Amino acid sequence: MYEKRPWLAHYGNVPASLSYPEGSIYSMIAEDARRHPGLPALEFLGRWTSKAGLLARADAMSREE
């Protein structure tokens, strides 16, 4: 197996391939924001944005012209 993909020898316990959920990143963020709107989504230098806030910003950016 390592002959064709020699980098796999360096993966350790990480599997060579992963399964990913169906849907877009936006749909995953939107669902998570609906379930946990007040929890932090992003934190940087002591400031944070809630999951609902992140979704609202993404929606606002998608409407910009």
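Predicted model: local features only at pLDDT ≥ 70, side-chain atom pairs only at ≥ 80, totals over all residues.
Reader: Are α1 and α2 parallel, antiparallel, perpendicular or oblique to each other?
Author: Helices (H or I, at least four residues) and strands (E, at least two) are DSSP runs, numbered from the N terminus. Helix α1 covers residues 25–35 and helix α2 residues 51–63; their axes lie 8 Å apart and meet at an angle of about 140°. Axes here are lines fitted to C-alpha atoms, for helices over the stretch in contact, and angles run from 0 to 180 degrees between N-to-C directions. Angles under 35 degrees count as roughly parallel, over 145 as roughly antiparallel, 65 to 115 as roughly perpendicular and the rest as oblique, so the two helices are oblique.

Reader: Which hand does the crossing of α1 and α2 have?
Author: A crossing is left-handed if the near helix is turned anticlockwise from the far one by less than a right angle, and right-handed if clockwise. The crossing of α1 past α2 is left-handed.

Reader: Which residues meet between α1 and α2, and how many of them are charged?
Author: Contact means heavy atoms within 4.5 Å. From α1 come Y26, I29, A30, D32 and A33, and from α2 come K51, A52, L54, L55 and D59. Ala, Val, Leu, Ile, Met, Phe, Trp, Tyr, Cys and Pro count as nonpolar, Asp, Glu, Lys and Arg as charged, and the others, Gly among them, as polar. By class, the contact has seven nonpolar residues, no polar ones, and charged residues numbering three.

Reader: Is K51 buried or exposed?
Author: K51 sits in helix α2. Leaving aside residues up to four places away in sequence, K51 touches D32, A33, H36, P37, L39, P40 and A41. Buried means under 20% relative accessible area, exposed over 50%, partly exposed in between (1.4 Å probe, protein chains only). K51 has a relative accessible area of 16%, so K51 is buried.

Reader: What is the relative accessible area of P37?
Author: P37 lies in the loop between α1 and β1. Beyond residues up to four places away in sequence, P37 touches S50, K51 and A52. P37 is partly exposed, with a relative accessible area of 39%.

Reader: Is T49 buried or exposed?
Author: T49 belongs to strand β2. Apart from residues up to four places away in sequence, T49 touches L39, P40, A41, L42, L54 and R57. With a relative accessibility of 17%, T49 counts as buried.

Reader: What is phi of L45, and where is L45 found?
Author: Most residues other than glycine have a negative phi. L45 is found in the loop between β1 (40–44) and β2 (47–50), in a hairpin with two residues between the strands. L45 counts as exposed, at 76% relative accessibility. Phi of L45 is positive, near 50°.

Reader: How far apart in space are R35 and G46?
Author: R35 is in helix α1 and is exposed, with a relative accessible area of 55%. R35 and G46 are 11 residues apart in sequence, and C-alpha to C-alpha they are separated by 24 Å.

Methods:
Residues numbered from 1 in each chain as written. Heavy atoms only, no water. Pairing = 2+ DSSP bridges.
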